[in-house]
Amino acid sequence: MNDVTARFVDERQRRRLERRFGGHVTEWLAELPAVVEKIATEWRLTVEGAAPHGRTAVVVQVTLPDGRDGVLKLCPDAGLAVSEANLLRMWEPSHRVPEVWALDHERGAILMERVEGDTVAETGVVPPMVTIGTLVSQLHEVEVPRSQLLELRPLVARVQFIFDMWTRERNEGPAANVVSTTAMHQGFCRARALAIGEVDVVPLHGDLHPGNVLDGGPRGLVAIDPRACLGDAAVDAVDWAVWKATSVVEVERRVDVLSHTLGVDGDRMMEWVRAFAPCFAVAKVNRAQGHTEEFATVMDLVEGGRRLARSHPR
């Protein structure tokens with residue numbers, strides 16, 4: 001990685017992008033500085049430097065000719081960038097996502113509003129569950145034309161992607177010695193069965209974890225990086241029921257508040273939590289957090305889900 005490219009991407013992000021998109025990312029990154037320069041010239045942007053957020057893309061802070069602060073987001077998968085821009089525009093009426101100002105379909109570049117603030121994950125502070133439930137509800141309540149709904153992938157496809165990803169993470173990391181293949185398979189089967197349901201079907205963010213929500217200060221919480229799909233409204237709250245929870249009782253209390261705020265069935269939301277628990281467990285172990293109370297809680301959820309599966313075989 002040359003010095004020019006390093007202005008936008010550090011070694012950790014380069015590895016993350018290569019893992020997500022494959023080896024061709026090296027060539028894409030080599031061309032990136034020239035692409036940024038061309039787009040900046042065409043859109044009359046002043047490039048300031050790399051932004052702190054960006055997991056499946058490179059994000060660059062820019063200033064527009066009229067003085068507005070923005071970000072230029074570039075993705076190795078141009079189709080993914082186009083999809084994200086369309087999804088953000090779909091949710092703009094909620095005022096809970098950044099505004100999209102321009103899109104370059106061929107180069108996979110999005111120019112959007114810059115929302116100042118850290119992600120909730122970076123703050124390390126668990127927001128009130130009513131606040132999270134309100135954020136999720138406001139996204140779900142946006143009126144979406146039927147033609148746009150039909151373009152969204154079904155939730156079952158997103159479930160398949162998530163379990164494929166975390167199964168690979170399990171197999172290639174220390175979690176292989178802690179989280180069983182049986183637990184992963186049972187979690188996937190439970191999630192897939194839930195995903196084909198037709199209750200409370202809404203356009204979902206699809207990846208609404210604490211790393212994808214900014215604390216926008218007076219503006220409130222702002223969702224970024226959607227991976228939208230169509231399915232059960234309860235799914236968008238699952239990460240929040242588990243994040244930093246140190247007992248199953250705490251998880252159940254969060255689910256109670258979240259489900260009431262969203263107007264969905266609490267027992268079904270808890271089913272989703274147990275289904276995804278093996279994925280959370282893999283993440284904890286592979287991030288050297290296998291000794292924490294949070295990991296113990298996730299494993300209690302895994303074991304609870306397995307007991308339920310044995311009691312009620314599908």
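Reader: Are Lys-73 and Glu-84 buried or exposed?

Author: This is a predicted model, in which local features need pLDDT of at least 70 and side-chain atom pairs count only at pLDDT 80 or more, while totals for chains, interfaces and linings use all residues. Residues are numbered from 1 along each chain as its sequence is written, and side-chain values use heavy atoms, with hydrogens and water left out. Buried means under 20% relative accessible area, exposed over 50%, and partly exposed in between (1.4 Å probe, protein chains only); here both Lys-73 and Glu-84 are buried.

Reader: How many salt bridges does a search of the whole structure find?

Author: A salt bridge is a side-chain nitrogen of Lys or Arg within 4 Å of a carboxyl oxygen of Asp or Glu, and the search of the whole structure gives 16. One of them joins Lys-73 and Glu-84, with 2.8 Å from N to O. This pair links distant parts of the chain, since Lys-73 belongs to strand 3 (residues 69–74) and Glu-84 to helix 3 (residues 78–91), 11 residues apart. Helices (H or I, at least four residues) and strands (E, at least two) are DSSP runs, numbered from the N terminus.

Reader: Which residues are linked with Lys-73 and Glu-84 in a network of salt bridges?

Author: Asp-225 and Arg-227 are linked with them in that network.

Reader: Which residue forms a salt bridge with Arg-14?

Author: Glu-18 does, with the closest N and O atoms 2.7 Å apart, and both residues lie in helix 1, 4 residues apart, about one turn of the helix. Arg-14 counts as buried because its relative accessibility is 18%, whereas Glu-18, at 23%, counts as partly exposed.
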